[in-house]
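User: I'd like to go through this chain with you and ask what stands behind each label. Could you start with the terms and then move on to the values?

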Amino acid sequence: MTKRAKLTFAIANLGCSNCVAAIENAVMPLPGVAYVGVSLTGGTMTVRPGPDLNVGAIVSKLTGLGYVLLDELCPGTPWASACPCRARQ
């Protein structure tokens, strides 16, 4: 089994630069995350894995913050109407 250089997640309801900061600040401290970057225009999050990466913890953190992860196998995933970072303010 080969180690993946990076993981990319599609996030449906990225609405503003505050969303980017909220996600990066929430995911970076998780165990096994060496780097995280979020693209507002691309609607993606890229994670470079370190030792002991737990993808389930990343998914749980994002969904707990109110973000919707898109599954490439399920293109009909609904988009949220407002970005979650504004709902927490």
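Analyst: Gladly! Helices here are DSSP runs of H or I with at least four residues, and strands are runs of E with at least two. By that rule this predicted model has 3 helices and 4 strands.

User: In what pattern do they follow one another along the sequence?

Analyst: Reading along the sequence gives β-α-β-β-α-β-α.

User: What makes a set of residues a nonpolar core, and which residues have the most contacts inside the largest one?

Analyst: The members must be buried residues of the nonpolar kinds, joined through side-chain atoms within 4.5 Å. The largest such set has 19 residues, and Ile23, Val27, Met45 and Ile58 have the most contacts inside it. Two or more residues each come from strand S1 (7-11), helix H1 (17-27), strand S2 (33-39), strand S3 (44-49) and helix H2 (55-64). H1 gives the most, with 4 residues.

User: Which residues does Ile58 touch?

Analyst: Leaving aside residues up to four places away in sequence, Ile58 touches Phe9, Val27, Leu30, Val33, Met45, Val47 and Leu53. Contact means heavy atoms within 4.5 Å, so each of these residues meets that cut-off with Ile58.

Notes:
Residues are numbered from 1 along each chain as its sequence is written. This is a predicted model: local features need pLDDT of at least 70, side-chain atom pairs count only at pLDDT 80 or more; totals for chains, interfaces and linings use all residues. Side-chain values use heavy atoms; hydrogens and water are left out. Buried means under 20% relative accessible area, exposed over 50%, partly exposed in between (1.4 Å probe, protein chains only).
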